[in-house]
Amino acid sequence: MTGVRVLIAMHDAEQRMVLKAMLTRDINECFVCDTVDMLATMLKRSSSGWSHHILFIEPTDASGSEDKALLALVAKIRQIEEDNSILHKMSIVGVMAAADPVLEKKCVHAGINVCISKPLTRQVH
């Protein structure tokens, strides 16, 4: 997976670090941000696509409620991709505290590709 750039935007610091540790073994660049504003600043777009290839986000806030600002940012990313005919769309993964079919449906509607549930653990084979 050489050349893959990953951006992690999760408020759960422990899980954020677990995910970063799992990814940095196989991926060259892994960046962490902990606010929606920081995420919006870090996302850069070129004519061929985004500055990052994969985005991990937590679609809920620290209290467990739906993070409307973050889902709106995901929808904006997808709209920019559509408006500019970007061929290399960013893969967006929603990391959820628990399986929640209603929230998962909202995430998919906003443009998140797939949702996974915490806790994230590294299994060594």
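The legends below describe close-up views of a predicted model. Local features need pLDDT of at least 70, and side-chain atom pairs count only at pLDDT 80 or more, while totals for chains, interfaces and linings use all residues. Residues are numbered from 1 along each chain as its sequence is written, and side-chain values use heavy atoms, with hydrogens and water left out.

**View 1. The open sheet has five strands in the order E2-E1-E3-E4-E5, with parallel pairing.** Strands (DSSP runs of E, at least two residues) and helices (runs of H or I, at least four residues) are numbered from the N terminus, and two strands pair if DSSP finds at least two bridges between them. Strand E2 (29–33) and strand E5 (114–117) are the edge strands, each pairing on one side only. From one strand to the next, the twist averages 20°.

**View 2. Strand E4 (residues 91–96) runs parallel to E5, joined to it by four bridges.** Within this pair, Val93 stands opposite Val114 of E5.

**View 3. Glu58 lies in the loop between E3 and helix H3 (68–83).** The residue Glu58 is buried, with a relative accessible area of 2%, where buried means under 20% (1.4 Å probe, protein chains only). Leaving aside neighbours within four places in sequence, Glu58 is in contact (heavy atoms within 4.5 Å) with residues including Ala9, Leu70 and Val95.

**View 4. The side chain of Glu58 makes a polar contact with the side chain of Lys118, at 2.5 Å.** A polar contact is a pair of N or O atoms within 3.5 Å; within protein, one must be able to donate a hydrogen and the other to accept it, and residues adjacent in sequence count only if both atoms are side-chain atoms. A polar atom of the Glu58 side chain also lies 3.2 Å from the backbone nitrogen of Asp12.

Notes:
Axes fitted to C-alpha atoms, helices over the stretch in contact; angles between N-to-C directions. Buried < 20%, exposed > 50% of the residue type's maximum accessible area, 1.4 Å probe, protein only.
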